[in-house]
Amino acid sequence: MTTTADTNQHYDLDPDIFGQFLDPLRKYSSALYNSPTDTLEQAQRQKLRFVADRLGLHGGERLLDVGCGWGSLILFMAEEFGCDTTGISPAPRQHEYIAEQAVARGVAERVHTEVGHFERIDFPVRGFDAVTLLGSIVHMPDLGEIFRRARAVLRRGGALYVSESCFRNASARNAFDTRVGTEFVREDIFGWGDLRPLSDLVSAAEDAGFSIIAVDDLTEHYRRTIDDWIANVDAAAERIDAHGPGLAAKLRHYLEIANAGWGYTTKHYALTCRNVR
């Protein structure tokens with residue numbers, strides 16, 4: 001299996017496509033809106049500060065971001081908090097983009113990346129003060145292994161932050177996991193993904209030895225985030241379709257399916273855990 005084939009197909013698309021509908025930070029997960037007039041960019045910056053608060057960051061911490069995307073979190077934490085950051089993603093194009101951004105922002109010495117999968121890369125035991133997974137655990141098959149590895153690399157007292165879209169409960173998963181819309185998102189957009197109920201994430205975290213210290217419901221924030229993304233896709237449809245005829249419509253369809261489920265079949269949660277031992 002090649003490195004490219006080993007990645008999720010969605011994230012190997014040309015980075016310019018994501019630049020057309022995401023905010024300038026290219027953060028591809030839920031924002032956090034504090035007022036009706038917040039822009040998408042303001043809300044994404046507020047979300048990153050919320051993550052820093054949940055992790056208890058004050059400055060200079062060692063942070064590992066699993067599934068780092070286009071580097072919005074590691075670049076932000078390096079710039080705003082002086083953190084020494086490491087991002088992991090199996091998509092080579094994302095690393096090229098992050099390296100360019102780190103140089104442009106003057107934080108290249110504090111931003112590092114690894115191409116590959118968290119399950120297959122060895123990091124120093126207790127080598128980090130904080131670990132984050134924002135919208136990435138849905139693409140990882142072995143929940144138990146992910147939480148065990150996260151705890152192993154965290155120092156005693158370190159924090160883990162996981163934000164993820166989830167089925168509302170186990171019965172919703174049983175009823176909707178094989179529906180046409182779910183299969184379209186899983187197979188046609190991502191190539192693979194496994195949406196679970198929150199209870200699965202909590203059980204895996206507890207079984208790995210974590211103490212749960214906060215659960216935040218961000219469902220309405222993600223609904224509004226996706227509304228903003230859809231508006232941006234519509235505004236940039238011609239430029240997106242330049243990368244492939246019909247790509248804008250396919251992307252819009254995926255986003256519409258995601259927004260249709262909030263509160264009915266799906267929720268979006270932020271889970272904060274502490275490695276207390």
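## Ser 163 and strand S5

Setting aside residues within four places in sequence, Ser 163 makes contact with Lys 47, Leu 133, Leu 134, Gly 135, His 268, Tyr 269 and Ala 270. The structure in which these contacts are found is a predicted model. Ser 163 belongs to strand S5. Its relative accessible area is 0%, so Ser 163 is buried, the limit for that class being under 20%.

Ala 159 is also found in strand S5. Ala 159 counts as buried because its relative accessibility is 0%. With residues up to four places away in sequence left out, Ala 159 touches Leu 55, Asp 129, Ala 130, Val 131, Leu 154, Cys 273 and Arg 274. Phe 210 is 51 residues from Ala 159 along the chain, and the C-alpha atoms of the two are separated by 9.1 Å.

## The sheet

Strands of a sheet pair through backbone hydrogen bonds, in a parallel or an antiparallel manner. Here an open sheet of 7 strands is arranged in the order S3-S2-S1-S4-S5-S7-S6, and its pairing is mixed. At its edges are strand S3 (111-115) and strand S6 (211-217), each of which pairs on one side only. From one strand to the next, the twist averages 15°.

Strands S5 and S7 run antiparallel and are joined by 9 bridges. Leu 160 has Cys 273 in S7 as its bridge partner. S6 and S7 also run antiparallel, with 6 bridges between them. Ser 211 stands opposite Arg 274 in S7, and Asp 217 has Tyr 269 in S7 as its bridge partner. Helix H2 (residues 40-55) packs on the sheet, where it touches strand S1 (62-66), strand S4 (128-134), strand S5 (154-167), S6 and S7. The direction of H2 makes about 135° with that of S5. Helix H4 (residues 92-104) packs on the sheet as well, touching strand S2 (84-89) and S3. Between the directions of H4 and S3 the angle is about 170°.

How much of S7 is buried? Of its 9 residues, 8 are buried, so S7 is largely enclosed by the rest of the structure.

## Helix H5

Helix H5 (residues 143-153) is largely enclosed by the rest of the structure, because 8 of its 11 residues are buried. The buried residues are Leu 143, Gly 144, Ile 146, Phe 147, Arg 149, Ala 150, Arg 151 and Val 153. Two arginines, Arg 149 and Arg 151, are therefore among the residues that count as buried in H5. The elements that cover the buried residues of H5 include S1, S4, S5 and helix H8 (198-207).

## Helix H11

Helix H11 covers residues 247-261 and has 15 residues. At 1.5 Å a residue H11 should span 21 Å, and its end C-alpha atoms are 22 Å apart, which agrees. An α-helix has 3.6 residues a turn, so residues three or four places apart point the same way. In H11 the buried residues are Leu 247, Ala 248, Leu 251, Tyr 254, Leu 255, Asn 259 and Gly 261.

Which elements are included in what covers the buried residues of H11? Among them are helix H1 (15-21), helix H7 (180-190), helix H9 (219-235), helix H10 (237-241) and strand S7 (266-274). After H11 comes Gly 263, which has a positive phi near 85°.

## Aromatic rings

A pair of aromatic rings is described by the distance of the centres and the angle of the planes. Across the whole structure, a search finds 14 aromatic pairs. One aromatic cluster is formed by Phe 18, Phe 21, Tyr 28, Trp 70, Tyr 222, Trp 229 and Trp 262. Elsewhere, the charged end of Arg 179 sits over the ring of Phe 176, at 4.3 Å from the centre of that ring.

## Two arginines in loops

Arg 26 lies in the loop between H1 and H2. Its phi is near 55°, which is a positive value in a residue other than glycine. Arg 26 counts as buried because its relative accessibility is 16%.

Arg 126 is placed in the loop between S3 and S4. The phi of Arg 126 is positive and near 55°, again in a residue other than glycine. With a relative accessibility of 36%, Arg 126 counts as partly exposed.

Definitions and conventions: Residues are numbered from 1 along each chain as its sequence is written. This is a predicted model: local features need pLDDT of at least 70, side-chain atom pairs count only at pLDDT 80 or more; totals for chains, interfaces and linings use all residues. Side-chain values use heavy atoms; hydrogens and water are left out. Helices (H or I, at least four residues) and strands (E, at least two) are DSSP runs, numbered from the N terminus. The expected span of a helix is 1.5 Å times one less than its number of residues. Buried means under 20% relative accessible area, exposed over 50%, partly exposed in between (1.4 Å probe, protein chains only). Contact means heavy atoms within 4.5 Å. Rings of Phe, Tyr and Trp (its six-membered ring) pair if their centres lie within 6.5 Å; planes under 30 degrees apart count as stacked, over 60 as edge-to-face and the rest as tilted. A charge sits over a ring if NZ of Lys or CZ of Arg is within 6 Å of the ring centre and within 35 degrees of the ring normal. Two strands pair if DSSP finds at least two bridges between them. Axes are lines fitted to C-alpha atoms, for helices over the stretch in contact, and angles run from 0 to 180 degrees between N-to-C directions.
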